[in-house]
Amino acid sequence: MAGILYNLYKPKLHFWPVAHCSPGKRAHQRPLGDYVRFCRDSVPEPGVRAVFTLVWPGRCAQLQSVRLRRRSRRCGPLTRSFSSEKVVQKDCALPNPSWSKDLRLLFDQFMKKCEDGSWKRLPSYKHIFSKNFQEFQTLYLDPSLVKGEERAQLFTRSFENGLGFEYVMFYNDAEKRVLCFLQVGPHLQGAPGFVHGGAIATMMDSTTGTCACRAGGIAMTANLNINFKRPIPLSSVVVIDSQLDRVEGRKLFVSCNVRSVDENTLHSEASALFIKLDPDKSLRKKS
């Protein structure tokens, strides 16, 4: 990135990424007015005095105090304006301080199994930018159905660390199998002291769905039949084991069970049906 533009006003600090410079042109050679115009519409108060700091690699900072006028009194949330900006996302399927000893142990065991290529750890992000997701948007999604996409994020990754779903998935292509190691946080409570059944259903759907999509391509849930056996205590770790059973045309049949780490307790089991999407049909509103 060519540089970063900082806007300091009152005691707060806000920053906006700036556009890449053309080859051979240094960031400090770009007119500061370009950056000022970029931020002018986001000034929170008319006539606020702001200090801009333009930083570029290997050179000292340049300061300039500018009085700005806001064009409109309407000021919405700050958003990134440059589509060329490369967003680096955090992989949420890596250990963080909230992970328990059991979850870390399972993670380490299967990372060793990944070394021979039989298993593969699946990265997970709050915002989905996978190849399948981009293909889904291109082939199937009706733009008229999309609302608030810029604020959207994956439901299972919408909690702060340790409060909701902490999990990592591993995939075995030869066995058409996905294992999910899940730690359930205190914000998933249903009955006092236990995880809400809907939270378990969410992760079973996510795990079986991942298994179906890895094995057969882009698919969506048609049916998920769950039998709950024993409740799951909050803050415990369980193993969700899903496997592709058979394929009939566009139908993908997947089975799944949830067990304790020591495998002695069966918490729930399920069978799921997924339908592989037809590239010739988009998900459009019915008139």
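In strand 7, Leu179 is the bridge partner of Phe170, and that pairing is a handy way into this predicted model. Helices (H or I, at least four residues) and strands (E, at least two) are DSSP runs here, numbered from the N terminus. The protein chain has four helices and eleven strands. Residues are numbered from 1 along each chain as its sequence is written. Because this is a prediction, local features need pLDDT of at least 70 and side-chain atom pairs count only at pLDDT 80 or more, while totals for chains, interfaces and linings use all residues; side-chain values use heavy atoms, with hydrogens and water left out.

- The pLDDT, which is the predictor's confidence in each residue from 0 to 100, averages 74 over the protein chain, and 59% of the residues score at least 70.
- Confidence is highest in strand 7, at 98, and lowest in strand 1 (residues 4-9), at a mean of 37.
- Over residues 1-85 the pLDDT is below 50, yet this stretch has 132 contacts in the model beyond near neighbours in sequence; a contact means heavy atoms within 4.5 Å.
- Where pLDDT is low, the predicted coordinates should not be read in detail.

**Strand 6 and its partners**

- Two strands count as paired if DSSP finds at least two bridges between them.
- Strand 6 and strand 7 (residues 177-184) run antiparallel over eight bridges.
- Those two strands make a hairpin with four residues between them, and Lys176 in the turn has a positive phi of about 50°.
- Strand 5 (residues 120-122) also pairs with strand 6 in the antiparallel sense, over three bridges, and here Arg121 stands opposite Phe170.
- Strand 6 is mostly covered, with eight of its eight residues buried; buried means under 20% relative accessible area, exposed means over 50%, and partly exposed is in between (1.4 Å probe, protein chains only).
- In a regular strand the side chains alternate between the two faces of the sheet.
- In strand 6, Phe165, Tyr167, Met169 and Tyr171 point one way, Glu166, Val168, Phe170 and Asn172 point the other way, and all are buried.

**Rings and charges**

- Rings of Phe, Tyr and Trp (its six-membered ring) pair if their centres lie within 6.5 Å; planes under 30 degrees apart are stacked, over 60 edge-to-face, and the rest tilted.
- By this rule the count comes to nine aromatic pairs.
- One of them is the edge-to-face pair of Phe155 and Phe165, at 6.0 Å centre to centre with 70° between the planes.
- That pair links distant parts of the chain, ten residues apart: Phe155 is in the loop between helix 3 (131-139) and strand 6 (165-172), and Phe165 is in strand 6.
- Phe155 has a relative accessible area of 47%, so it counts as partly exposed, whereas Phe165 is buried at 4%.
- Ring pairs also join Trp99, Phe107, Phe110, Trp119, Phe170 and Phe181 into a cluster.
- A charge sits over a ring if NZ of Lys or CZ of Arg is within 6 Å of the ring centre and within 35 degrees of the ring normal.
- Lys113 has its charged end over the ring of Phe110, 4.2 Å from the centre, and Arg246 lies over the face of Phe253 at 3.8 Å from the ring centre.

**Three residues to look up**

- Asn96 sits in the loop between strand 4 (62-67) and helix 2 (101-113), and it counts as buried because its relative accessible area is 6%.
- The Asn96 side chain makes a polar contact with the side chain of Glu166 at 3.0 Å; such a contact is a pair of N or O atoms within 3.5 Å, where within protein one must be able to donate a hydrogen and the other to accept it, and residues adjacent in sequence count only if both atoms are side-chain atoms.
- Ser242 belongs to strand 9 (residues 237-248) and is buried, at 0% relative accessibility.
- A polar atom of the Ser242 side chain lies 3.5 Å from the backbone oxygen of Thr207.
- Thr210 is in helix 4 (residues 197-216), and not counting residues up to four places away in sequence, Thr210 touches Leu122, Met169 and Val178.

**The whole chain**

- Of the 287 residues in the protein chain, 36% are buried.
- Among contacts between residues at least 6 apart in sequence, 65% join residues at least 24 apart.
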